[in-house]
Amino acid sequence: MDLILASGSPRRQELLRNAGISFTAHAANIPEVVLAGESPHACAMRLATEKARAVSQQHSNEFVLGADTIVVVDGEILGKPRDEKDAARMLRLLSDKTHEVITGVCLLGGFEDIRYERTLVSLSALSDEDIQQYVATREPMDKAGAYAIQGIASRWIHRIEGDYFNVVGLPVALAHRMLREHHVI
C-alpha cells in the first residue's frame, strides 16, 4: 500500500519530501467550516479526518494522511482569510499577542488514527502599514491565520513554543511517528 497525502498544499508536500517520506498528493476539496461550539483541537482533527476520508474514497487500498491547520487567538478560530480585508482583520487580531497553531493529523488505512499538535507563536506589534504592505504581497491569502512563518511574516515572530513545522502546516515528527507506528514506513 502506498501513502496518499490528502492535500494540495505545496508546503505540506515539501515538508514530507524533505523528511524523506514517499507519497502521492491528492487534494481533498471539502468545506472548511467550524461547527458551533466546537473546540479548536476538535475542529482541526475533524477537518483532517474529513480530508482523509474524502480522498480515501478514491484510494481505498492506500494509506491516506490528512491534515488541517488552524490558528486560535483570544478563543477565536482563524482559518484561511476570505479576502484581503479578512486577512488584515486576522493580522490585527494576532498583532502583539501569543496565539495557538493547531494541526489535526489523520492517518487512514484499515484503521483511523487521529491526533493533533499545538504550538504557541508570539507576534510583535504590527502597524497598519505593516499589515497593508504584507497583505499586498498576497502571501497571507491561503494561510491559516493569514501569515506564513517561513515567509515575510518571519520578521515579526519573536518566539515559538513547540513544533515549528506544525506552524508551517504539518507536524512532521508527529506524522512520522504515526506512519512508523502503523508500519507505513
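I take contact to mean heavy atoms within 4.5 Å. This is a predicted model, in which local features need pLDDT of at least 70 and side-chain atom pairs count only at pLDDT 80 or more, while totals for chains, interfaces and linings use all residues. Residues are numbered from 1 along each chain as its sequence is written, and side-chain values use heavy atoms, with hydrogens and water left out.

Entry one: T103. I found T103 in strand β5, residues 98-108, where strands (E, at least two residues) and helices (H or I, at least four) are DSSP runs numbered from the N terminus. T103 counts as buried because its relative accessible area is 0%; the cut-offs are under 20% for buried, over 50% for exposed and partly exposed in between, with a 1.4 Å probe and protein chains only. Leaving aside neighbours within four places in sequence, I listed its contacts as A44, A67, D68, T69, R115, Y116, E117, N166, G169 and P171. Two of these also make polar contacts with T103 through their side chains, T69 at 2.8 Å and N166 at 2.6 Å. A polar contact is a pair of N or O atoms within 3.5 Å; within protein, one must be able to donate a hydrogen and the other to accept it, and residues adjacent in sequence count only if both atoms are side-chain atoms.

Entry two: the strands. I then followed β5 to β6 (residues 112-123), to which eleven bridges join it in an antiparallel arrangement; two strands pair if DSSP finds at least two bridges between them. H99 stands opposite V121 in β6. The two strands form a hairpin with three residues between them, and G110 in the turn has a positive phi of about 85 degrees. On to β7: four bridges join β6 to β7, again antiparallel, and L120 stands opposite E161 there.

Most residues other than glycine have a negative phi. I noted D74, not a glycine, with a positive phi of about 50 degrees, and A146, likewise not a glycine, with about 65 degrees. Is each buried or exposed? D74 is exposed, because its relative accessibility is 62%, whereas A146 is buried at 0%.

A nonpolar core is a set of buried Ala, Val, Leu, Ile, Met, Phe, Trp, Tyr and Cys residues joined through side-chain atoms within 4.5 Å. The largest has 44 residues, of which L3, L65, L91, L107 and Y147 touch the most other members. A second, separate core of nine residues includes A28, A52, V55 and L108.
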